Amino acid sequence: MATTAVPASSTTRPVPAPRTRRDPATGRGVVGTLLLYAALLILSVLILAPLLWMLSTSFKTTGDATALPPQWIPPTPTVEGYGRLFADAQAPLLRWLGNSVLVGVLHTVLVLATASAAAYPLARMRFPGRRLIFALVIGTLFVPGFVFLMPNYLIVDGLGWLDSVWALVVPGAASAFGVFFLVQFFQSLPAELEEAALIDGANRWQIFVRVVLPLSRAPLATLGLLSFLGSWNDFLWPLYVLFNPERLTLPAGLATLRGAYATDFPAVMAGAAIASVPVLILFAFVQRFVIAGVARSGLKG
Amino acid sequence: MTAIAAIASRERRTGGAPAPRAGLYPTPRSPHRPRPWTPYVFLAPFVLIFGTFVLVPAVAGLWMSLHNWDFFLPDRPFVGLQNYVDLFTPDALVAQQFWESMRATGLFVVLSVPLLMAIPLGLALLLNQRFRGRTFFRAVFFAPYVLGVSVVGLLWQYLLNGNTGLINGYLAQLGVTEPVPWLTATPWVWVSLVGVTVWWTMGFNSVVYLAGLQNVDEALYDAAKVDGASRWQQFVHVTIPQLRPVILFVLTMTVLASANMFGQSYLLTGGNPSNETRTAIMLIADVGLEQFRMGLAAAMSYLLALLLIVVSALNFLFLRQKES
């Protein structure tokens, strides 16, 4: 390959390099760039093709959905699959979507409020019991969640929360990870700002709300995002604590389609499309933010 | 004493203590002396939820596992360690079911974790190059993760359908006359479960790796280049050691996630063929929340948790050791 013959130091000379050689900005040759884009393109097709197939099938007739060879463009486009789904009182998809959003938002707000309020004294105050509470929080970081499944079912039942949003919003809201993550961040903040506010006569609550929280937007966003994604994707728990079709979240609801529409692929794919298209559109707008949040979770842990 | 001097002297006094960072203890003259109950007010909401849904259940679960606890029966007699003994009695049906499900979970961990460690690392290295459209591709690779397991399950159940699926449709065009039983027979079920999981979550792991890669000091690569290190040598001697903490994090998270696998089996194979892909979590949910033999299910969860904690600790120690 011609490109490999060029010594790397050639880029330091001001002589304009021939266009077929290495790009000084990336240190890659043309062949390298082509290979890179080829790899990216193949991977993107592997990711996106199943999603396009889902959309395409949702607009097909039942016959076309299973026709061979596979047809990417529906031969006789129709919205009958969507129609069958919307006519079914057992499958109120928009209701499920709404429930999922409601549960996700309430859960996230509760996680952020409780974790930040708990992390603040753990990071900044001295009081009896501080070590014990912190040790318990750290200890549960390593305990897998399914251990709590059976007793929590009984507790939720005892509270009368079975088949209600509260069963999904509250039990998982005590985020040991969130407290640990925020304690680390709060301790990294310079204490002087809070000192100054204290001397100005602010009380602890005012300092927390007006000084600490505004400085913590990035970690709060990360925690909020991970909480929302966790709640949005939660599958097992809603499957067992919700019963009424009206109350299901999207993941639990979609699972019921599998049995009810076993061979009606356009209807099932219509359901999957309704569940994913709004999310994907939202993701397209906030993807930088989402990805930055996920990235930060690893650096801290 | 000025406020700054006060801060400085307190900084010195509390020094490197792990606990609350210096500073915030008001001077005698400051207008707000901390009221002794202030920290507890801040902690109360968290502690209430944490106590009710984490601490109490941790103990209650153990208590339940020592009883013949059936949701619908008024009597829940104390049986001591009988539930655990049953799980270790080779002839008992529950023991056979439990260890078969543990085998399924173990197999899934062993098959999926190496791929979920290696493929996302490759992807992250690719995305760490400088090129146009990087943000776009990064978003595309992450996209399946936001769909959630239910959409992923429905979608792939259709794509992998033995008779009418897209995958077998294309294989038929390539001359594979016998339809591959992706969702109904071993070993294909494992290929499907692992493949779908990789498709679904590889973007998540790559993003975590990518953040680690971007934190590696460029100067280290420059130094390696000066020493004449090849690309591969740079990868082995700079990238991997620098990434070690991130690799440990991803490994721990991935092992736990794979050991918790539930949705993929539930939606794609239903645990079939003959319960071979019924994972431990699936069995625990079935025994505890379908059949309501909750004491037995609690015993199963404690055994699985114990095993996972041991595995995580070994992971941690092993990678620590290699580091030193």
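Predicted model: local features only at pLDDT ≥ 70, side-chain atom pairs only at ≥ 80, totals over all residues.
Good morning. I begin with a bend: helix α2 of chain B has a kink of about 50 degrees at B:A44, shortly before the proline B:P45.

α2(B) covers residues 38–65, which is 28 residues.

I turn now to the annotation of chain B. An unreviewed UniProt entry lists "transmembrane region" for residues 40–64, 107–127, 139–159, 188–211, 246–267 and 299–319. Two of these spans may be set beside the model. Residues 107–127 of chain B are 100% helix and 0% strand, with end C-alpha atoms 30 Å apart. Residues 188–211 of chain B are likewise 100% helix and 0% strand, and there the end C-alpha atoms lie 34 Å apart.

The unreviewed entry in UniProt also lists "domain: ABC transmembrane type-1" for residues 102–315 of chain B. Over that range the chain is 77% helix and 0% strand, and the end C-alpha atoms are 19 Å apart.

Next, the packing of two helices within chain B. Helix α4 (residues 93–127) and helix α11 (residues 280–290) pack at an angle of about 145 degrees, with axes 7 Å apart. Which residues meet there? From α4(B) they are B:Q97, B:F98, B:S101, B:M102 and B:T105; from α11(B) they are B:A280, B:M282 and B:L283. By class, this contact comprises five nonpolar residues, three polar residues and no charged ones.

Chain A has 14 helices and zero strands. Of its 301 residues, 40% count as buried. Among contacts in chain A between residues at least 6 apart in sequence, 70% join residues at least 24 apart.

Finally, the contact between the chains. It draws 89 residues from chain B and 87 residues from chain A. On the chain B side, helix α5 (residues 134–159) gives the most, with 20 residues. That side of chain B divides into 65 nonpolar, 21 polar and three charged residues.

Thank you for your attention.

Methods: Residues numbered from 1 in each chain as written. Chains lettered and ligands numbered in written order. Contact = placed C-beta atoms within 7 Å. Helix = DSSP H or I, 4+ residues; strand = E, 2+ residues; numbered from the N terminus. Nonpolar A, V, L, I, M, F, W, Y, C, P; charged D, E, K, R; others polar. UniProt positions renumbered as here; feature names shortened; annotations may be inferred. Expected span 1.5 Å × (residues − 1). Bend = angle between axes of the 7 residues up to and from the residue. Axes fitted to C-alpha atoms, helices over the stretch in contact; angles between N-to-C directions. Buried ≥ 20, exposed ≤ 12 C-beta atoms within 10 Å, placed from the backbone.
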